[in-house]
Amino acid sequence: MLLHDINPSIKALTVIVCVLILSVFFDPVTPMLTLAVTAAATFIFGKVSFKRWILLFSPFIFMALIYIWSALIFSRTHEGETILWSWGILILTEESLQRALSLGLRVLSFTSLSLLFILTTKPSEFLLSLMQQCRLPPKLAYGIMAGYRFLPLMKEEFEIIRSAHRIRGVPKARSLPEKIAELKRYAVPLLAGAIRKAERTAMAMESKGFTGDKNRNYYHKIAVSPKDWLFFAFFIAMVLASAYISWFFGFLQLYNGEL
Amino acid sequence: MASLRNQSLIKCEHLTFRHEDEQKPVFKSIDFTLYPGEAILLLGPSGCGKSTLAFCLNKLYPEAVDGELEGTVSYKGKMLEEFRPGEINKHIGIVFQDPESQFCMTTVEDELAFGLENMKTPPEEIGCKIDEALKLVHLLPFKHALIHTLSGGQKQKLALACVLSLKPEILILDEPTANLDPASSHELTRIIKRIKDERALSLLIIEHKLDDWIDLTDRCLVLNREGEILFNGSHADCFNTYAEELQAEGIWLPNTVKAGLLTKKAGIFTGKELPLNHEEMIAGLISPDSALQFLDNKKNTPTCLEKQTILSAKDLSFNIGPKELLKSISFTVKKGEFVAISGSNGSGKTTLSRLLAGLFSPSSGEILYHDRPLSSWKEHELRNKLGYVFQNPEHQLIADTVTDEIAFSLKIQHMPDNEIQKIVQTTLKQVNLLHHGDMHPFSLSQGQKRRLSVASMLVNEQELLLLDEPTFGQDAKTARELMALMEEKIQSGSSVVMITHDMEILHSYADKVIVLSDGEKIYEGTPAELWKEQEIMKLASLKVPYIEKLKDELRAMSRREKLAFT
C-alpha cells in the first residue's frame, strides 16, 4: 500500500488533526517521536527519495535552529530552575533548554507531516477529492486547477517582459529604488497578460459546457475506503502513543502559554 | 444544394455587437444562415469582428464581456437565449486560436473528461469516448501525456478532440492554424476534412491563410473593415468579383487565385474564372512555356552583396539542464543581407534569435557582431546597433502612448528634446501612425501594433534587425506593410534576420535561408536551392511555395509536350 493511494481529503484531515493534537503538548519527546515515524512512513510507504525530502525539509531545520537559539538566549528564567551553564548575563537552564527543543521539534514535526501530504498527493487529485468528499464548489476547484497551469506560463511571460525592456536599452536596475521601479514596470504588463489569459481560459471552459453545476458525474472517482480510515486511525494513535511514551518517561507537559 | 434545405441550423438576423464603452459596433447588421452539412469560410481583415461574431454564435458573448448584442441568433429555430447555460455548447463546439489558453486540466485524458463530465455523460462511457475522440485526431498514444509537453500542433489537435468528443453538430474554428508551422496546419486541415465527411458536421471556419481550406468549404462570408458583410456566396463568385477588393481589405487570397490574378493581368491566363485549385490554374494557362517564361522573369535578381560580414555565429550551442536546444550552429550575416531562419515548431528558432540578440548567452561557441564578441559589447551600445522584434507585438510595447513608445530609447540616451521630437515625427510618418501619437499602444489595431513594434526598433537606425515571426497571425495588408519596411531597411544598407514559417516570404525576399531541425542546422543556402531538397523540406515541416510548385509542374508539362512532338 502506498501513501499515494490514500484519499487526499482524509490524508489532509489526518495531518490537520495530528497537528492539533501535537500543539496541545509542549515537550521535546512527543514531536520527536512523531517526526521519526512520519519521516519513516514518507520514505517507506511514500517512496519519496531522501534527497528530495531533505531538500524541502532543510529550510525548516534552519528555522528550527533559529528558534532554539533565540529561545535559549532570550528565555525568561524563573526562580528555582536548574542552571546548566552561565556566562555574564546569559544563563542557560535545563528548563529553558527543554522549552527551546520543544519549540524546534514542534516546527519540524509539523513540517514532516505537511511534507508527507505534499509529496504523496497530486494537486489535481486533491482538488477532485475536495469536490467529491468535501463539497468544494466546482467553480472554485476548476478555477484553481486552471490557475495552477498558468504558473509556468507566468514565469515565461516575466522573462519576455524583462527581455523587452533590455532590448529597448533600459539599463539594469542596480540600486534598491531602481529595482522597485523595475518591478512596477513589469507588474502592469504581467497582470494584463494574466488577465487576458484567464479570460480566454474561462471562455474555453464555458465553451466546453462548464457551468459550475454541483451535480457532476466524475470520470475519476476518488473514493473513501476503510484503508483510508485505517490510515487516519494509525496516525492519530501514533501521535497519542508518542505522547504516552513521553509521559511514561516523565517528559510530558501540556502547552501552557510558554514563550 | 445546401440552400434548398429549408431547415436552418444557425440563423443570424440583424446581429450587431458593441463593447460597453464604445460607440462603434464591432460588427453590424449581420444576416446569414448556416445549413446542415454546410461549411462556411468566414473572411475579413484582422480586427473586423470575426472572432467576436463566432463567440456570439456560441453564446460565450455577450455574457463573458460587458457588451450589447442586438438582433437574434437562433439554433434550429430556437433563440439562443432560451437555452439553459451550457446546453448550447453541446451542439456548437469551438476551437480557439491560442493553443496555450484553451485547456484547464494538466493531462490529455483529464481535459477530455472535463468536457464530457460537463455534459453529464455517465462516467462508465467516458473512457471509451475519450479513446474514440483521440483516435480521430491520431493522439491516442498521448492519452496520459501532460498537456504542456505537447507541441503546438498536438495541442490544437487535442482542442479539436475535446470538442469532437461532445459530438457537436456545428464546429466553429477560430484561426486554428494561426500558430502552427505549414506541415502541422496542413495535417490539421486534412483531419478536419476527414471528420467533416465522416460525421456530416457543419463548419464555420475563420482563417487568414486559405489554401488548405478552399476544398473543404462550400461558400464564404466576407466581412469588411467596418464589420459589415461584404459578400456571401460561392468561392468562385467571391474571388472573381472581389479579388482586388479583398486584397485591398488586407485579406489573404488563396495562392492559386493570386497566381491567376497575376497571370491574367499579363494576358497569359485565359480561364473564364480565377482558379480555385491547381488543376483550374493549369487548365487556364495559354501554354506552359509562356507561363514559365513569365514566372521566371518575375524572379528577383539576387542583390549584389557587399563582402563585409556584420554578424557571425561560431559553433553555437545552448543547453538548459541536460536538454540540448541548439547544437553547434555556425553561419554569417553580411551587410545588406536578408537572412531567413525557418524550421518546424520547437526546432530552436526563437532560442537562436534570442542568442543572436544577446538576450541569452550561449553554453558554448561565440557570436561576433562587427568583429567583436557580443559579450564584450556594452549593453546600451549594442541596443543602439542591434534591434529585436518579438513575435507578439504587445511584448515589445512598454510605454503609455505611441509617441512615448518611439521616444523611449531616445530618452534613455538623454537626447535633447527637440531632436527626439524630430525623430519621433519622421518615424511615425514612416510607419503611418502620425495621427495616433496620443493613443495607448494597446488600443491600436493588430496591424498598427505590429508597425509600432517595428518602428520602436527603427529609431536608432540599427544596422541589424532580428525579427521573430513578425507576420504570424497578421492579415495580408499588415504583412505587406511590414515587408515594405524591411525592404526599405535593406535598401539603406542594414541587414535583416527574420524567423518565419511563411514560404512566400522566403521565396520573394530572402537572400539566404537557414533551416533548423531539432536544434541543428540542416540547411544553409538560397531559397531556390532549398525547394529542391525534398528530404530537408520534409524534416523541417516546410512546404514548397505555390509559384514554385506551379513552375515545376509547367516544366514537366512542357517537357512532355516536346516529347510528344518529336
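Predicted model: local features only at pLDDT ≥ 70, side-chain atom pairs only at ≥ 80, totals over all residues.
## Overall build

Let's start with the whole chain. Chain B has 21 helices and 20 strands. Along the principal axes, its C-alpha atoms fill a box of roughly 70 × 70 × 50 Å.

Of the 566 residues in chain B, 48% count as buried. If you take the contacts in chain B with a separation of 6 or more, 70% of them link residues 24 or more positions apart.

## Helix α1, residues 50-57

Helix α1 of chain B covers residues 50-57 and is mostly covered, with eight of its eight residues buried. Reading along α1(B), the buried positions are B:K50, B:S51, B:T52 and B:L53, then B:A54, B:F55, B:C56 and B:L57.

## Helix α16, residues 446-455

Further along, helix α16 of chain B (residues 446-455) is mostly covered too, with nine of its ten residues buried. Those buried residues are B:G447, B:Q448, B:K449, B:R450, B:R451, B:L452, B:S453, B:V454 and B:A455.

So what do the buried residues of α16(B) pack against? Their partners in chain B are the strand β16 (386-389) and the helices α13 (393-396), α14 (402-412), α15 (417-430) and α17 (476-491).

## How α16 meets α17

The axes of α16(B) and α17(B) are 9 Å apart, and the two helices pack at an angle of about 15°. Angles under 35 degrees count as roughly parallel, so α16(B) and α17(B) are roughly parallel to each other. Their crossing is right-handed.

On the α16(B) side, the contact is made by B:Q446, B:G447, B:R450, B:R451 and B:V454. On the α17(B) side, it is B:K477, B:T478, B:E481, B:L482 and B:L485. By type, the residues of this contact between α16(B) and α17(B) split into four charged, three polar and three nonpolar.

As for the spacing, an α-helix has 3.6 residues a turn, so residues three or four places apart point the same way. That's handy to keep in mind when you look at the contact positions B:G447, B:R450 and B:V454 of α16(B), or B:T478, B:E481 and B:L485 of α17(B).

Key: Residues numbered from 1 in each chain as written. Chains lettered and ligands numbered in written order. Buried ≥ 20, exposed ≤ 12 C-beta atoms within 10 Å, placed from the backbone. Helix = DSSP H or I, 4+ residues; strand = E, 2+ residues; numbered from the N terminus. Contact = placed C-beta atoms within 7 Å. Axes fitted to C-alpha atoms, helices over the stretch in contact; angles between N-to-C directions. Parallel < 35°, antiparallel > 145°, perpendicular 65-115°, else oblique. Left-handed = near helix turned anticlockwise from the far one by under 90°. Nonpolar A, V, L, I, M, F, W, Y, C, P; charged D, E, K, R; others polar.
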